Amino acid sequence: MLGGIIYGIFFTAFFVVDDIKIQGNQKIPEEELRHVASKALLKNILFFELNHFLLENTAEVMRKLQEAFPEIELVTVKKKFPDAIHIAVQERQGIAMWCQDQTVQVTLEGATEGKVTSGRECLALDKHGVVFEKKEPERELIISAQSTRVSMGDKAVDADLLESL
C-alpha cells in the first residue's frame with residue numbers, strides 16, 4: 001500500500017514539470033534559459049533521474065541561471081502546482097565600459113611560448129560595477145585598466161565610484 005502511494009506520487013506524470021514559463025528576457029534567448037533551467041530541475045534519486053515538482057529547489061535553479069548568464073541581474077523562480085515553473089528575468093543594463101588589453105597566447109611548433117597583444121577588449125558594466133557582456137565602445141563612460149584583468153560576471157568597479165561619476 002505505502003509502496004503504491006510512493007510510486008503514485010514520484011513516478012506518475014502528474015507531478016512532472018513540463019511547463020516552464022519565462023518572462024522579462026530581452027537579449028538572452030528563451031531556449032537557452034529553458035535549457036539551463038531544465039537541466040537544473042533534474043534530480044538523481046537512487047537510480048532514477050526525476051524532474052518532479054515536489055523535489056524542485058527554486059534557489060538552485062536561480063543559482064544555475066545566474067552562473068550560466070552573467071547578464072542576469074535578478075531572477076526569480078516560482079513553482080506553480082502541479083507541474084509548472086515560472087521564471088522572471090531582469091537583465092543588466094550597461095552604464096559604463098571596462099576596456100582592457102586583449103592578449104592572445106601563441107605557441108609555434110619548435111618555438112617558445114609568447115604573448116601577443118592584439119588590441120583592446122571592451123566589456124559593459126552595470127550600475128553595480130559587474131562586467132556582463134562584450135561590447136563595442138560607444139558614448140558611455142569608458143574605464144580603462146592596464147594591469148587588472150576581469151572576466152564576465154566579475155565586479156570590476158565599486159558601485160559607489162560609478163554612482164559618483
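A residue is called buried when its relative accessible area is under 20%, and exposed when that area is over 50%. The exercises below use these cut-offs on a predicted model.

**Exercise 1. Decide whether aspartate 126 is buried or exposed, and describe its surroundings.**

Solution. 
- Step 1: Find the residue. Aspartate 126 lies in the loop between β7 (114–125) and β8 (131–134).
- Step 2: Apply the cut-off. The relative accessibility of aspartate 126 is 1%, so the residue counts as buried.
- Step 3: Look for a polar partner. The side chains of aspartate 126 and arginine 92 are joined by a polar contact of 2.5 Å.
- Step 4: List the contacts. With neighbours within four places in sequence left aside, aspartate 126 is in contact with Arg92, Gln93, Ile95, Phe132 and Leu162.

**Exercise 2. State how many helices and strands the protein chain has, and in what order the elements run.**

Solution. 
- Step 1: Count by type. The protein chain has four helices and nine strands.
- Step 2: The order is α-β-α-β-β-α-β-β-β-β-β-β-α.
- Step 3: Turn to burial. The protein chain has 165 residues, and 33% of them count as buried.
- Step 4: Turn to contacts. Among contacts between residues at least 6 apart in sequence, 56% join residues at least 24 apart.

**Exercise 3. Check the length of helix α2 and find how its buried residues are arranged.**

Solution. 
- Step 1: Work out the expected span. Helix α2 (residues 30–41) has twelve residues, which at 1.5 Å a residue should span 16 Å. The expected span is 1.5 Å times one less than the number of residues.
- Step 2: Pick out the buried residues. In α2 these are Leu33, Val36, Ala37, Ala40 and Leu41.
- Step 3: Look down the axis. The buried residues of α2 fall within an arc of 140°, so they line one face of the helix. An α-helix has 3.6 residues a turn, so residues three or four places apart point the same way.
- Step 4: Look at the other side. Glu31 and Lys39 are exposed, on the face of α2 turned away from its buried side.

**Exercise 4. Describe the largest nonpolar core and the places of Val61 and Ile87 in it.**

Solution. 
- Step 1: Name the central members. The largest nonpolar core has 17 residues, of which Leu33, Val61, Leu65, Phe69, Ile72, Val75 and Ile87 touch the most other members.
- Step 2: Find the elements that contribute. At least two residues of this core come from each of β1 (19–23), α2, α3 (58–68), β4 (72–80) and β5 (84–91). The most come from α2, which gives five.
- Step 3: Note the second core. A separate core of eight residues includes Ala96, Val131, Val150 and Leu162.
- Step 4: Examine valine 61. This residue is in helix α3, and its relative accessible area of 2% means that valine 61 is buried. Leaving out residues up to four places away in sequence, valine 61 touches Ala37, Ala40, Leu41 and Val77.
- Step 5: Examine isoleucine 87. Beyond its neighbours within four places in sequence, isoleucine 87 has contacts that include Ile20, Ile22, Ala37, Leu65 and Val75.
- Step 6: Relate the two. Valine 61 and isoleucine 87 are 26 residues apart in sequence, and their C-alpha atoms are 9.3 Å apart.

**Exercise 5. Locate the disulfide and examine glutamine 100.**

Solution. 
- Step 1: Count the links. There is one disulfide.
- Step 2: Name the pair. Cysteine 99 is joined to cysteine 122, with an S to S distance of 2.1 Å.
- Step 3: Cysteine 99 is in strand β6 and cysteine 122 in strand β7, 23 residues apart, and the pair links distant parts of the chain.
- Step 4: The link is right-handed, with 105° about the S-S bond, and both cysteine 99 and cysteine 122 are buried.
- Step 5: Move to glutamine 100. This residue is in strand β6 (residues 96–106) and, at 1% relative accessibility, glutamine 100 counts as buried.
- Step 6: Find what lies around glutamine 100. Its side chain makes a polar contact of 3.0 Å with that of tryptophan 98. The C-alpha atoms of glutamine 100 and glycine 119 are separated by 8.6 Å, and the two residues are 19 residues apart along the chain.

Conventions
Residues numbered from 1 in each chain as written. Predicted model: local features only at pLDDT ≥ 70, side-chain atom pairs only at ≥ 80, totals over all residues. Heavy atoms only, no water. Buried < 20%, exposed > 50% of the residue type's maximum accessible area, 1.4 Å probe, protein only. Polar contact = N/O pair within 3.5 Å; in protein donor to acceptor, adjacent residues only side chain to side chain. Arc of directions from axis to C-beta. Core = buried A, V, L, I, M, F, W, Y, C linked by side-chain atoms within 4.5 Å. Contact = heavy atoms within 4.5 Å. Disulfide = S-S within 2.5 Å.
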